[in-house]
Amino acid sequence: MRTLVFASRNLKEITRDIFTLIFGILFPLVLLVLLSAINSSIPKEATMKLFEIENLVPGIAVFGLSFISLFTATIVSKDRCTSFILRLFTSPLKPSQYIAGYTLPLVPVALLQTIVCYIASFIFGLEWSANILLALVVTIPVSVLFIALGLLCGTIFNDKAVGGVCGALLTNLSAWLSGTWFDLELVGGAFEKAADLLPFVHAVNAGRYALSGEYSLIMSELLWVIGYAFVILVIAVILFNYKMKQDK
Amino acid sequence: MIAIRTEKLTKKYKDKTVVRDLDLSVNEGEMYALLGVNGAGKSTTIKMLSCLIRPTSGDAKLMGNSIIGDSTKVKQIISVSPQETSVAQNLTVKENLEFIAGIFGFDKASAKEKTQQIIARFDMKEIENSRAKNLSGGWQRRLSIAMALISEPKIIFLDEPTLGLDVLARRDLWKQIEKLKGKITIVLTTHYLEEAEALSDSIGIMADGVLKAQGTADELKALAKTDNFEEAFVRIAGDEV
Ligand SMILES: Nc1ncnc2c1ncn2[C@@H]1O[C@H](COP(=O)(O)OP(=O)(O)OP(=O)(O)O)[C@@H](O)[C@H]1O
Ligand SMILES: [Mg+2]
C-alpha cells in the first residue's frame, strides 16, 4: 500500500515532466522517421537490410528505453539531493519500499513507449503479426535492465551529473554498441567484442528474433539481458541502502 | 510525562564535534524552542532526534523509544519540517498532502479527509490544485509545514518554520502552532527571539554544539540577570553568564 502511494507519486512526477514526453516518445519517433527515410532512398540492389523496418524497430525501441534510465536516475538523484529525501527518510517507508516505488512506475512507462514505437512502425510498413506481442514481452526484462541502470546512476551521481552520465553517456553507449545504426560485424575487432560483452546488442537481437519468429534464438540473447539486469539491480539496491545509512 | 530525553547525545564530523553531550528534556504537550546562533548545532540535533543521522555517541528516547534501537517506532510517531522547504515539485498541494498521509499509512478515504481539513486550516483552498513548483516560496513553506502535520504525529520538529515568510504569514503560522500547543509536543528552532519568548513553554539555548541553558523565558532572564530576553540570549550564548 505504502509502496503504491510512493510509486504513484513517482509516476506523476515523471510523466508531468515535459522532457519525458520529448525524449521518451518524440525523439525515438523522429529517429524512426529519419532512418526509414534513409532506408527508402537506399536502392534495393544494395541488399542493405539494417534499416529495414523489421530490423530497425527493435533497435529504436531499445534506444528509447535508454531514456527510461535517464528518467529513473533523475528522480532518484533529485530526491536524494533535495531535502525531500529528509522527509521520506523520517517517514515509515522501508528501503525495499523505496526501491519498489522507484522501479514499478517505470515499467508501464517503458511498455507504453515501446508500444508507441511499434504502432508508429506500421506507418513505415511493419506488418501486423503476433510476433509483435512477443517482442513487447521481450521488452520487459530490457526495461528492468534500464531501470536498474537508472537506479544505480541516480544513487551514485547528483542531479546535475545525472543528465550527463545517463542522458549523454548511457544513451550513446547503448546506441553505438547495439548494432542498430551499423552492423557490428563490419567494424569487428575489439569494438565488436566489447559490444558482445555488454547487454545492449543482445537486447536488440532478442527483439529482432522475436519479430522474425526465430523463437529458438531469443532465449540465449535474453539471458544476457536478464543476467545484467539482475546484477545491476542488486548492486543498485545495495548501494542505495548503503547511502541511506550513510550520514547526510 | 517526558516526551523527549537525550542522554549525552553527541555528533562528530571527522574531528569536529558539532553537538556535544547534549542532555535535554522536553515534556509531553510542551512547546520547546531550540535557540542558537548559526552553526550552533540546532539542525544537527533535530536530524539526530528524527533518526536522519546517527549520533556518534549517546542516545535519545522519544516517548520511551530509542532513536538507535527503535527507529521504526520513532518514525511512526514523529514528523519533521526540514529547514529547507521540502515538497514534491510536480505534485499539486492536495496531492502532496495526500501522498504524505498515504505513506504514513492512512487509507485513501481518510487521507482525503485529512487533506481537506489541513487545507482549510492553512487557508490553502484556492491553491489546492496548483503544482508545488508554481507556488511562491512562502506558500511552499506553508505546504511543507502542513505536510508535517497531516500524519498526526505525537512529536513534531519544525526547523525554522517561519523562514522566508512575510509578517502576516508568519503571524498566521504562529497562530496555527499555538493551536497545537498542549495537544502535541513541538520542538522548533527559530531566530525570532520575541516569538520564542512569547510562545514557548521551555527554551534551550545552544552554542558551539553545547546546551548552555534551558528553562522558561523568565528563568533564562533571571539567570542572565536582565529583563530583556534578547540580552539574555546574547549573554548566555556568548558565555557571559
Ligand atoms: N555533513 C556535515 N559535515 C561536516 N560538518 C557539518 C555537516 N553538517 C553540519 N555540519 C556542521 O555542523 C555545524 C552545525 O550545523 P547545524 O546545521 O546543526 O547548525 P544550526 O544551528 O542549524 O545553524 P543555522 O541556524 O544556520 O541553521 C556547522 O558548523 C556545520 O558546518
Ligand atoms: Mg539549522
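User: Where in chain B does B:Cys51 lie?
Analyst: Elements here are DSSP runs numbered from the N terminus, with helices being H or I of at least four residues and strands being E of at least two. On that basis, B:Cys51 is in the chain B loop between H1 and strand S5 (57–62).

User: Before we go on, what pLDDT do local features need?
Analyst: Residues count from 1 along each chain as its sequence is written, chains are lettered from A and ligands numbered from 1 in written order, and side-chain values use heavy atoms, without hydrogens or water. The model is predicted, so totals for chains, interfaces and linings use all residues, side-chain atom pairs count only at pLDDT 80 or more, and local features need pLDDT of at least 70.

User: Is B:Cys51 buried or exposed?
Analyst: Buried is under 20% relative accessible area, exposed is over 50%, and partly exposed is in between (1.4 Å probe, protein chains only). B:Cys51 has a relative accessible area of 16%, so it counts as buried.

User: What is phi at B:Cys51?
Analyst: Most residues other than glycine have a negative phi. B:Cys51 isn't a glycine, yet its phi is positive, at about 65 degrees.

User: Which helices of chain A each supply at least two residues to the lining of the largest cavity?
Analyst: This cavity holds about 80 Å³. Lining residues have an atom within 4 Å of a point, and here they include A:Pro58, A:Tyr118, A:Val142 and A:Gly207. The helices are H3 (53–81), H6 (106–123), H7 (131–156) and H11 (200–212).

User: Which element gives the largest share of the lining of the second largest cavity?
Analyst: The volume is about 70 Å³. A:Arg87, A:Thr90, B:Ile78 and B:Met147 are among the lining residues. The largest share, three residues, is from S7(B).

User: How much of ligand 1's accessible area does the protein cover?
Analyst: Ligand 1 lies between chains A and B, and a polar contact is a pair of N or O atoms within 3.5 Å. One of its oxygen atoms is 2.9 Å from a side-chain N or O of B:Lys16, and a backbone N or O of B:Gly41 is 2.9 Å from an oxygen atom of the ligand. Of the 640 Å² that ligand 1 has on its own (Shrake-Rupley, 1.4 Å probe), the protein covers 66%.

User: Which residues come nearest to ligand 1?
Analyst: A residue is near if one of its heavy atoms lies within 4 Å. H1(B) gives the shell its largest share, three residues. Of the 15 residues around ligand 1, those nearest are B:Val18, B:Gly39, B:Lys42, B:Ser43 and B:Thr44.

Technical notes:
On a 1 Å grid over the protein atoms alone, a cavity is a set of points where a 1.4 Å probe fits but cannot get out, and a pocket is an open set with protein on both sides within 12 Å along at least five of seven lines; lining residues have an atom within 4 Å of a point. Grid points are joined across faces, edges and corners, and a volume is the space filled by probe spheres set on the points. A polar contact is a pair of N or O atoms within 3.5 Å; within protein, one must be able to donate a hydrogen and the other to accept it, and residues adjacent in sequence count only if both atoms are side-chain atoms.
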